[in-house]
Amino acid sequence: MTESSTDVDVVIVGAGFAGMYELVRMRRAGFSAVVLETADDVGGTWYWNRYPGARCDILSVDYSYSWDPELQQEWTWSERYAAQPEILRYAQFVADKHDLRRDIRFKTRVTSAQWNDETHRWTIHTDTGDDLSCRYYIMATGCLSMPKAPDIEGADRFTGEVYFTSTWPHDGVDFTGRRVAVIGTGSSAIQSIPLIAAEAEQLTVFQRTPNFSIPARNGAISDERMAAFRADPDAYREAARWSGAGVPMDTPVEGALMVSEEERTARYEAMWERSELLGITGTFNDTMSNAESNDTLRHFFHDKIRSIVGDPATAEALCPTNHYVGTKRACLDTNYYETYNLPHVRLVDLRTDPISTITETGIDTTNESFEFDAIVFATGFDAMTGAIVSVDITGRDGVTLKEKWSHGPVTYLGLMTAGFPNLFMITGPGSPSVLSNMMVSIEQHVDWIADTLDHLRKNDLDAIEPTELAETKWVEHSNAFANLGLAVTADSWYMGANVPGKPRVFLPYPGGVGRYRVTCDEVVERGYLGFTLDGPAGRTVNDGIIRPLAPDVQVMLEVMAEMGLPPIESMSVDEARTFMEMSGAMSPPGPEVGEVVDGMLPGADGAELEYRLYRPASDGPHPIVAYFHGGGWVIGSHTSDDAVCRDLCAQSDAIFVSVNYRHAPEARFPAAADDGLAAVTWIAEHAEALGGVPGQLAVAGWSAGANVAAVTAQRAKLAGGPTIVGQVLLNPVTDCDMNTGSYVDNADGYILTKGLMTWFWDHYCDPADRADPKASPLRADDLTDLPPAMIVTCEFDPLRDEGNAYAEALTRAGVPVRHLQAEGQTHTSLGAVGVIVTGAYARAEMADALRNFFGATVRT
Ligand code: N01
C-alpha cells in the first residue's frame, strides 16, 4: 500500500448505471464506498459511445432506473428511443440529484487487484498511483465497454482520420466533403451510417456479416405505453422484473409454424410496425429454438430488405443468410437500408471481396483499392469478459482471473467466481445481462449484492465465495440452456466469436430475467446455497446445486405448475385416464414411421387385447419389440406411448408392438404380468405374419410397463420360451419398497410422486402379493440367464434406486447390462419426445441397445 492509500468497505469499478446505483445502495446501507472511473464523468457506455445516431434500442421508459420513485416522476424522456446525449444527461441528473460524484474518483483506471486471504481484503491499484484497500470489490464495468482491438492487417498505417464508434470525440466529427469508410455493420454502424452518409461526400461501408434491423420509428413515446406506465409505475416495473427480457411483454403461446402463412406474415408485419427490438423474436415462441420457424422470419426480413433497397445486388448482400434472426444481436435503425439508395453510398461485401490490408491512404480489398479521408471502426467489443480480465485480478493462491477464465468465463450466477472471494460482477457472464433490458438486470444484481453484504455484516461474516461444485453446475446449466436454442450456432459476440482467439462459449445466461431472479432469490432463501461464508462467526460451506434439473425439464415443470393441475392421485381412475389421454393428445406426435397398424391379440385368461404395431420405413422383415406402456398398471393404453414407440421404432429399425395389457383396478395383479407373457408368446408365434424375423424378439417398457417387460422376460425364461433376445427397461418398477433414497428425495416432486406410486400400487396389487417376483422382479431368486438388458433410470425419479438396484442385481447374476442414469431428468421427461430435447440421447442409447440385441447383421 502506498501512502495515499484509502481503506473502505467497498470499491466499485465503473460509474455507469451499475456503479452509480451500487454506490447509492452502499451508502444507504452505511458502507463506506468509493467508485473508480476512467472517464471524467458518469455515464459509462453513454459517456464513451457518442457516435452520430447513438441511442438506446430499448424503449426509454423501460431503459430507466426504477429505484428512485421521485426520479420516475421528475424525468420525462423526449423520445421513444432516447439519443446518447439525453441518456448521458439522465445519468448526470441522477449523479447530481444524489450527490454521487463526491464518492467517485474520475480519471482513475484500476490496473490490478489482489485478494489477501489473511485479512479478507482486496488491495486495488490504480493508474494514478493511489491504492485502496477494501473488503468488497465490485466490478460494474459493463458488458460492452472494452473495444475490440483492430484485427485488420495494416490498421495502424492509415494516415487519415481514424475514429472508433466506441470512443467517439466529444466535440463530434464533421464529415462534410470527406470520403469516409465505415468498417462493420453491427448496431453502432447501423445507427451511425445514415447520419455519416448525410454529411459525407462519399461513404463506403465494409460489411463482413449483414445484420437484421427493423425501423425504430422514433418519435414521441406512445400514449398507450406511457399510460400503462403512469397508471401504476410500480406494477409496470414489477412486471418487467419477472418478464423474460426485462420489459413487460406478452409471452407468445404459438410457434411460427402453427399458424397459416398469411397469419404469420400479418404478425411479422405488426412486429415491423411496432418497432421494438424484443418484439422481433417475441412474435412466436419457437423463433429462437426452431430453425424452420426462424427461417420464416428470416425470409420476411429478406423480403423487406429487397423491397427497400433499389439495387438488387446490394439488397442481396444486405440479406443475412449465415445466421438466424436474433442469434446475433438484431438492431433498430433509422433509414439504414434506405441509405444504400443514395448515389454516394456504396456497400462492399467482404464475403466476396475481403479486405487485404489497410493502407496509408485507404483500404485495399482483394479486387479494389479505395482512398479515404476518414475510417470509422464500428468493429465492436471484447464483450462481457474483456473489461473484467483487463484488470490484473489475483485471487486466492495467486491464481489470476485471466488464467482461471482462459477457457471461458466460469461464474456462479454471473455474480461471483470461486477462488476470488468478495469479488462481485454486475451483469457478469453467466447472468441474463445483454439478453435483457440492462437496467432491470443491473438493478437486480445491485440489490442482490447489497442485500448479501448486509447479510454478511448482520451475521458477523466478512467473506463469501461460490463453491466449485455450484459454479461448475451453474456453467453447465447455462450452457445446457443455450444449447437448446439457435444462438449457439452463430459467430456472434455472445459466443465470443468476434474476438480472434477468444474461447467459444455462450456468455450470457439464456433462461430469462424472471427465472433468473427466482433462482438468485432461492439461493438466498436456502441459506446462500452454493456459497462458502466465512468470518469471525465461523465458516460455513453450503455446497449444492441450485438448478440440477435439465433446463427444458425445469421449464416443462414450471409450465405445468402454472397450469395448476390437480395431482393424479387426487383423481378418480376414470378422471386420471381421461387426463392421460388429453395430455397425450397435446403432445407432439413423434417421428413418422413406415406404417401404423392396429390389431387384437389374445391375453391371459381369455382376454382380448388391443395392440398397435409400428413398422419402420425400411424394407422388412424386421426384428420385433413387444412394448408395454407406462401408467402405473392403471392408466394409459397401447396408444398412450405413441411418440416413444415411433421414436424407438424409427431409431432402432425394429417393429414395435405396443400391447394394451389389462389394467387395474378392474384387472388386478397378476393380470398385467400374465398378459405380458401371453402377448409375447403370441407375437413370437406370429412373428412372420407381423413382418418380423422369427427369433428376433425383445421386450421393452416404461415405468409399470417396464415392470411388465422385466417380469415377462423372467417368466419366459422360466417357461422355456419364447426366446427373448433383450430387454429395454425405462424407469422400471422393480420393487415394492417405497422407502428407498430416491423415494425420499423425490417424494413430492416431478409428477411421479410417492403419493402417486402408492395410488398405483394400491390399485394394482394387494400388499401381501407385492413381494412376488411377478410384481417385484428384483426379488426373484434367480436372475441368471436372463436376456441382456438396457436399463435407464432418471436422477429425479422415485423409481431411480430400484432401477439401479435391478441393473446391479442382473450384473451380479452375469447378465450383460447397459445402464444409464440420466442426470437432470425425471420419471416422465425421457418420454417427452420433441419436448425435452435434453432427454433425446437416452432414447438414442435405448435404440442402439436394441440394435445390438438384434445383432448388426440380423437383416442381411
Ligand atoms: O459491435 P458489433 P457494435 N473486419 O460487434 C464487424 C450494443 N450496442 O458496436 O459480424 C471486418 O455488433 C463485425 O462483423 P462480423 C449492442 O448490444 C447497442 O455495433 O463479426 N468487419 C460487425 O459487423 C450491440 O450488439 C446499441 O462479421 C469486422 C461489426 O464490425 C453491441 O453493443 C448501439 C471486423 C461489429 O459489430 C455491439 O455493437 C450500439 C473485421 N476485422 C451498440 N471486426 C444500442 O442501440 C469486426 N467487424 C443500445
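I count two strands as paired if DSSP finds at least two bridges between them. Strands (E, at least two residues) are DSSP runs, numbered from the N terminus.

The model is predicted, so I kept to its limits: local features need pLDDT of at least 70, side-chain atom pairs count only at pLDDT 80 or more, and totals for chains, interfaces and linings use all residues. Residues are numbered from 1 along each chain as its sequence is written, and side-chain values use heavy atoms, with hydrogens and water left out.

Entry one: the open sheet. I found three strands in the order β13-β14-β15, with antiparallel pairing. β13 (355-358) and β15 (369-371) are at the edges with a single partner strand each, so one side of each has no neighbour in the sheet. Between β14 (residues 362-365) and β15 I found three bridges, and Asp364 has Ser369 as its bridge partner in β15.

Entry two: strand β6. Is β6 (residues 131-139) mostly covered or mostly open? I found it mostly covered, with nine of its nine residues buried; buried means under 20% relative accessible area (1.4 Å probe, protein chains only).

Next came β5 (residues 121-126), antiparallel to β6 over four bridges, where Ile124 stands opposite Leu132. The hairpin of β5 and β6 has four residues between the strands, and Gly129 takes a positive phi near 95° in it. Last, β18 (residues 423-425) runs parallel to β6 and is joined to it by three bridges, with Met425 as the bridge partner of Met139.

Notes. Buried means under 20% relative accessible area, exposed over 50%, partly exposed in between (1.4 Å probe, protein chains only).
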